[in-house]
Amino acid sequence: MANNLLIVESPAKAKTIEKILGEDFVVKSSFGHIRDLPKNQLGIDIEKNFQPDYEIPDDKKSLITELKKLAKQKEVWLATDGDREGEAISWHLCEALGLNPITTKRIVFNEITNSAIKNAVAHPRTVDMNLVNAQQARRTLDRLVGFELSPVLWKKLSNRNLSAGRVQSVAVRLVVEREREIIGFESVPVYRVVAVFTVGNNSFRAELNKKFETEKEALDFLEKCINTTFTVADIQVKPGVKSPSAPFTTSTLQQEASRKLGFGVSKTMMVAQKLYESGKITYMRTDSTALSDLAINSAASYIQKTYGNEYSHPTQYATQSTNAQEAHEAIRPTYLENESVNGTRDEQRLYDLIWKRTISSQMSKAKVEKTTVKIDISNRHEIFMASGEVIIFPGFLKVYLESTDEELEDEDSGMLPPLAVSQNLLYRNIEARQRYSKPPARYTEASLVKKLEELGIGRPSTYAPTISTIINRGYVAKGNKEGVKRKVIVLNIQAEDKNVHKEVIKESTGSLKGKLMASDIGMLVNDYLTEHFKHVMEYDFTANIEKDFDRIADNKLDWSKMMKEFYQPFHKAVETSEAEKGKVTGERQLGTDPVSGKPVIARIGRYGPMIQIGTVDDEEKPRFASLLEGQSIHTITFEEAMELFKLPRVVGAFEDKAIKANIGRFGPYIQHDKLFVSLKDISPFSIDEVTAIELIKAKREADSKKLIHEFRDSIQVLNGRYGPYIKKGKDNFKIPKGTDPQTLTEDDVLKIISEAPEKKAKSKRSISKK
């Protein structure tokens, strides 16, 4: 019989560890947090040094009963994660199970391997209350900010789906500020000139050191080049080196997985968690770039054996973070000799990325030779520049090269042919292509994480949930549209005919795929918070709060004192804001309706962005129209707004009933009798009768497959996404387990509806002192 009870956070980890420790240990999972602040009240006693009032959720009570029973029979070991969140879970377990945190054994490990687990068991410690207090400070402060700011937004913006948070609101601010830079950016066309020169059977590209502002300037230049002489004026050859990147931290893993694999930050963390819990990589929430001596030696052995001694360069990287508090080692494979692992395709791809990054970090620098050539033009003062790079010794490039977020112009790489100063060159063709200056790039999930880290906002455990929150709340949208086509002028001369040719082509620009865009409601919320809670929205403030959490973890700051210093001015600002009258709508007047003479206004309404003709003070009710996807109250023109009022539009008729196209709360749709069909990738302004009838028939067929029974009073038994259910009007009812929906009679259904528990009415969150 096992004498020890070891508690971890996840069931997957529990299975792996139980195999390692053998029969003397029973390993159980807490399934994450087992206590938290209450959902529907503040749960913090302001008067008693911000004492949290934790509670055990209903779905964890049976688990706590089971663990209590086992804890009375066995010695308890707490093995939750080694970061502050994990330390807090261990402390909560002590509180919930009646254990003494001063004497209960606490173990931590950075990887789930035989040696790491057994070494941790051999060297237990107790719960570190400094780490616990740092986590409590974060949880308490974030609850205060969210719980007091969110109702202000509900009141001022008339939308109870809104929320505010210390980190999420600052993340939204970054996206909003970038969006405004893009909106205000004026793209300017220039002509970029590139020549292709030939030397024997070889050719190479060179770019002019000047860009022309007009077509005429570019044309004049090309005409001068037709019969001119091109001469090599200077050749510079310089040795260079490329250095490998440090092993992954949480942030850099999220960034590189986004660039190379197309993973969102949440997906990266989910896949990494599975790799960690199955013992394949070290702990995945870390801001340290350090590697253990064992890992460095293992990498050196593998590199020397596989590539040769000259490729090995053991390196211990200094951690950039001033307080790498989450874990004490970078993310790396637990066994570096394993180049690949079993698992899902996503797990294999992420593991491959981590393995290559770790191995390459311990390899020699790459040696390169960079050549730069200047080419004179006999009848012009401009010069062409050509560059080439030759790898003399590949070093770490044998394994891995880090990607970047930058969108680069076509760049030349590789070798240049043998050239000599004063050598004359022949051109094959010279092209002047119209290019447009680009606005600042929108953030991707990866580049937003990078920016948050640069500003010191958040920590490894917060990046993914922060980005998920701002997207789920609708403050930020993740783009999925390809770029639009625009015309581009291309001028060129060919050596064969000595004439300038002009061509107008189309190129794709402005792709939004994977880009983060601020929504209208996100911009409005940001503007309100920035105006009324300027201190909380400052980047330095949020970063300094993180430093205070670090000081609490180091036992250099009392967490209740920190809370008091923050809360008093913050709460005063909340009270001032609540006392101010009026709503915030982001109202923007576009012009005057030529028919009614009433103002045309773009604003945020109860259900989102809209256009309004008239005001509530008019005798007639105002007219409203929803915006189309991609339109914004900040950029929509008067003409675009008036187009929206051409809806609803009669598309045609089917079965003697009209088909209408319109835009509603959830986007464009067509309506036929009582049937509504959403429009995807089809404009309500252009859909024709034939297409509409096809969509109506397809919708009917899909609905018929959902319908199991239909009874009086619009009561239906339907197949839903999560299984069969009963629908009466707008209300849905669960079908009891074990009941075959096919056999349900009308009486059966009415009984299920009558016996269903009453739904709780939505009530305002009470902001009590406790």
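In which hand does α5 pass α16 in their crossing? The crossing is right-handed. The views below are taken from a predicted model.

**Figure 1. Overview of the predicted model.** The protein has 770 residues, of which 48% are buried. Its secondary structure consists of 20 helices and 28 strands. The C-alpha trace extends over about 90 × 80 × 60 Å along the principal axes. Among contacts with a separation of 6 or more, 69% join residues 24 or more positions apart.

**Figure 2. Packing of helix α5 against helix α16.** Helix α5 covers residues 129-157 and helix α16 covers residues 539-553. Their axes approach to within 7 Å and cross at roughly 150°. Angles over 145 degrees count as roughly antiparallel, and α5 and α16 are therefore described as roughly antiparallel to each other. On the α5 side, the contact is made by N130, L131, N133, A134, A137, R138 and L141. The α16 side contributes I545, E546, F549, I552 and A553.

**Figure 3. Packing of helix α1 against helix α4.** Two packed helices are described by the angle between their axes and the distance between the axes. For helix α1 (residues 11-21) and helix α4 (residues 114-122), the angle is about 75° and the axes are 10 Å apart. Angles of 65 to 115 degrees count as roughly perpendicular, so α1 and α4 fall into that class. I17, I20 and L21 of α1 meet N114, I117, K118 and V121 of α4 in this contact.

**Figure 4. The edge-to-face pair Y276 and Y283.** The whole structure contains 18 aromatic pairs. One of them joins Y276 and Y283, with 5.3 Å from centre to centre. The planes of the Y276 and Y283 rings are at 70° to each other; planes over 60 degrees apart count as edge-to-face, and the pair is therefore edge-to-face. Both partners are buried: the relative accessible area is 1% for Y276 and 2% for Y283.

**Figure 5. The stacked pair F566 and F570 in helix α17.** The ring centres of F566 and F570 are 5.1 Å apart, and the ring planes are at 20°. The pair counts as stacked because planes under 30 degrees apart are placed in that class. F566 and F570 lie 4 residues apart in helix α17 (residues 559-579), so about one helical turn separates them. F566 has a relative accessible area of 7% and is buried. F570 is also buried, at 4%.

**Figure 6. An aromatic cluster.** Seen together here are F197, F204, F212, F221, F230, F384 and Y427. Ring pairs link these residues into a cluster.

**Figure 7. Arginines over aromatic rings.** R35 is placed over the face of W91, 5.5 Å from the ring centre.

**Figure 8. P622 in the loop between β19 and β20.** The loop holding P622 runs between β19 (608-613) and β20 (623-626). With a relative accessible area of 15%, P622 is buried, because the limit for this class is under 20%. Leaving aside residues up to four places away in sequence, P622 touches Q612, I613, G614, T615 and V616. K598 is 24 residues from P622 along the chain, and their C-alpha atoms are 9.2 Å apart.

**Figure 9. The cis peptide bond from L647 to P648.** Omega of this bond is near 0°, and the bond is cis. P648 belongs to the loop between α18 (638-643) and β21 (649-654).

Figure 10. N49 is not a glycine, yet it has a positive phi of about 55°. The position of N49 is in the loop between β3 (44-45) and β4 (51-52). N49 counts as exposed because its relative accessibility of 51% is over the 50% limit. N555, another residue other than glycine with positive phi, has a value near 60°. The loop that contains N555 is the one between α16 and α17. N555 is exposed, with 57% relative accessible area.

Definitions and conventions:
Residues are numbered from 1 along each chain as its sequence is written. This is a predicted model: local features need pLDDT of at least 70, side-chain atom pairs count only at pLDDT 80 or more; totals for chains, interfaces and linings use all residues. Side-chain values use heavy atoms; hydrogens and water are left out. Rings of Phe, Tyr and Trp (its six-membered ring) pair if their centres lie within 6.5 Å; planes under 30 degrees apart count as stacked, over 60 as edge-to-face and the rest as tilted. Buried means under 20% relative accessible area, exposed over 50%, partly exposed in between (1.4 Å probe, protein chains only). Helices (H or I, at least four residues) and strands (E, at least two) are DSSP runs, numbered from the N terminus. A charge sits over a ring if NZ of Lys or CZ of Arg is within 6 Å of the ring centre and within 35 degrees of the ring normal. Axes are lines fitted to C-alpha atoms, for helices over the stretch in contact, and angles run from 0 to 180 degrees between N-to-C directions. Angles under 35 degrees count as roughly parallel, over 145 as roughly antiparallel, 65 to 115 as roughly perpendicular and the rest as oblique. A crossing is left-handed if the near helix is turned anticlockwise from the far one by less than a right angle, and right-handed if clockwise. Contact means heavy atoms within 4.5 Å.
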